Amino acid sequence: MDSSSPAVALTGLVKRYGDKTAVDGLSLTVERGRVTAVLGPNGAGKTSTIEICEGYRRADAGEVRVLDLDPVRDAAALRPRIGVMLQSGGVYSGARAEEMLRHVAKLHAHPLDVAMLIERLGLGSCGRTTYRRLSGGQQQRLALALAVVGRPELVFLDEPTAGLDPHARHATWDLVRELRADGVSVVLTTHLMDEAEKLADEVAIVDRGRVIASGSPEALCHDGAENSLRFSGPPGLDMGSLLNALPEGAKAFEVSRGAYRIEGEIDPQLLATVTSWCAQHGVMPERLTVERRSLEDVFMELTGRELRS
Amino acid sequence: MAKAAATRDEARGTFTPAPGAAPLRRMILAQSALETRMLLRNGEQLLLTVIIPTLLLVVFSSADLVDTGDGDRVDFLAPGLLALAVLSTAFTGQAIATGFERRYGVLKLLGSTPLPRWGLMVAKTACVLVVEILQVALLTAIAFGLGWSPHGNPVWVILLLLLGTAAFSGLGLLMAGTLRAEATLAGANLVFILLLLGGGVIVPLDKFPSGVEHTLALLPISALSDGLRDVLRDGSGLPLGDLAILAVWAVLGLGAAARFFRWE
């Protein structure tokens, strides 16, 4: 097994449905042993891209390598090595959670201990309930369990926490982190900014079928961007005077009546300068906050739109 | 953020990859067992495959509701209801179950596991055969209770049942793999009723006008019920004509299903 090749390598991927182009020349490399989030609004082409990697769909153009295999041509060799979490469904409506999990375990050579997985994902409470009567969250966690039970090298999680309560979401995140720690490569799609920021080593921002930016969340948030300092105070403060006190390159605005924003390299010195300027002018800077640029901001800057969810 | 955790000793983690397919035999056995359990757990399916044929056999044998010609009514009815049992499991039941499995992404999920698609189809066939064996055993026992006295070579009976299963499976899978699940549900039930009435199951085909009768005789259900009746009631030899009709349906149905079946 060549473990030096990337987990996923996509080059110039195109997928059309009729005259609608869902994936439009997308290129992406996913390194092994990392958590990679494909982030984008609904309809950006995330699911189509993932389904091409999983071998469910053929690309109309471009090159696809998953674990150095062709997902369609080499499907028989690839399938045992990947785990797939579908966005919904996938289980016989009359099957019980444990029954389905034990079944999929039996299809693999060295499956995980099913009892452990049930315990880890809190599926014990499902008992004899059949799939169609499980709650959405239980169905979601079962789908995750089904993706990992065969001890795959690479798992694809399509919107793994959509519709989960915060507790279940954190349990899912913990499991994803543990997968990474144990050397499993994880590709997940999400339209949740905080999920990508907190969970992923690498983020690929997808919009209209293309990757428009990629890198670590930190790099994406810092790259060329300035952080900002915000505070509120009496309206009509003299921004020119404040600007004179600030170092070269910083900017100061009254964003709206009584709401101020300073952009630039926000360091302790600058913070001190702002507060001492406020002290000199008898202004109490209320709700003073230093804001890091978030992926949300990055997305907005790149596309001029908000992430629809 | 502690994202350097990947340096931990990977050899001992719970999730450390150890991918691999189970042996084919184990996969297919497991899949067959699961499919059969799902079917036997489904109340509507049992109504269709067990209760309806049994009820029809008992009611129409006991009361003179339809003129079944000379001889004991049960000798006419038992072969017809064996044919209906095959129709109910291989066609109607399989079409509905597979249609909903497709709709709910079960086929999609299984497509991501090491189980090959042909392995899934083998398992589905095994499930159909297991249920048919149960149906045949039940109907045969009841028919004996009602005074049935079958004749003929059991090998021809088995051959007819197998070819009938192939023909109905092909048509059922074609329906499940091309139509919406709801359309399959409605369509498969409708076809079941129509074939029950016009396929020589309870009503002899010679009750129909002769033009209609000859057309109906070409249906797979008619070929199956007629072939079974020729052997089991009349003790005739290899029912070549009926086997040929079933073979044509099997080739057409399975061929079209293989060509047009969509997995999601």
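Trainee: What makes the largest nonpolar core a core, and which residues have the most contacts inside it?
Mentor: A nonpolar core is a set of buried Ala, Val, Leu, Ile, Met, Phe, Trp, Tyr and Cys residues joined through C-beta atoms within 7 Å. The largest one has 144 residues, and those with the most contacts inside it are M100(A), L101(A), A145(A), L146(A), V155(A), A78(B) and L87(B). Helix α3 (residues 73–103) of chain B gives the largest share, 16 residues. Apart from this core lies another, of eight residues, including A252(A), Y260(A), I262(A) and W277(A).
Mentor: Keep in mind that this is a predicted model: local features need pLDDT of at least 70 and side-chain atom pairs count only at pLDDT 80 or more, while totals for chains, interfaces and linings use all residues. As for labels, residues are numbered from 1 along each chain as its sequence is written, and chains are lettered from A and ligands numbered from 1 in the order in which they are written.

Trainee: Why is L224(B) called buried?
Mentor: Buried takes 20 or more other C-beta atoms within 10 Å of the residue's own, exposed takes 12 or fewer, and partly exposed is in between, with C-beta atoms placed from the backbone. L224(B) has 34 C-beta neighbours inside 10 Å, so it counts as buried. L224(B) sits in helix α9 (residues 220–232) of chain B. Its partners, leaving aside neighbours within four places in sequence, are A83(B), V86(B), L160(B), G164(B) and L246(B); contact here takes C-beta atoms, placed from the backbone, within 7 Å of each other.

Trainee: And why is W263(B) called partly exposed?
Mentor: Run the count again: W263(B) has 14 other C-beta atoms within 10 Å, which falls between 12 and 20, so partly exposed is the label. W263(B) is in the segment after α10 (240–260) of chain B. Not counting residues up to four places away in sequence, W263(B) touches R102(B), L107(B), K108(B) and G111(B).

Trainee: What makes β5(A) and strand β6 of chain A a pair?
Mentor: Pairing needs at least two bridges found by DSSP, and four bridges join β5(A) to β6 (residues 154–158), which run parallel, so they qualify. I82(A) has L154(A) as its bridge partner in β6(A). V155(A) is in contact with I82(A), G83(A) and M85(A), among others, leaving aside neighbours within four places in sequence.

Trainee: Why are β2 and β4 of chain A called edge strands?
Mentor: The open sheet has the order β2-β1-β4 with antiparallel pairing, and β2 (20–30) and β4 (61–66) each pair on one side only. Strand β1 (residues 8–17) is joined to β2(A) by eight bridges, with V8(A) partnered by V30(A). Neighbouring strands are turned by 25° against each other on average, direction ignored. Helix α1 (residues 46–53) of chain A lies across β1, β2 and β4 at about 120° to β1(A); axes are lines fitted to C-alpha atoms, for helices over the stretch in contact, and angles run from 0 to 180 degrees between N-to-C directions.

Trainee: How many residues of chain A are in contact with chain B, and how do they divide into nonpolar, polar and charged?
Mentor: There are 38 residues of chain A in contact with 34 of chain B. Helix α6(A) supplies the largest share of the chain A side, four residues. That side splits into 17 nonpolar, 11 polar and 10 charged, where Ala, Val, Leu, Ile, Met, Phe, Trp, Tyr, Cys and Pro are nonpolar, Asp, Glu, Lys and Arg charged, and the others, Gly among them, polar.

Trainee: What makes residues 243–261 of chain B a "transmembrane region"?
Mentor: The label comes from an unreviewed UniProt entry, which lists that span among others; such annotations may be inferred rather than shown by experiment, with positions given in the numbering used here and feature names shortened. In the model, the span is 95% helix and 0% strand, with end C-alpha atoms 26 Å apart.

Definitions and conventions:
Two residues are in contact if their C-beta atoms, placed from the backbone, lie within 7 Å. Helices (H or I, at least four residues) and strands (E, at least two) are DSSP runs, numbered from the N terminus.
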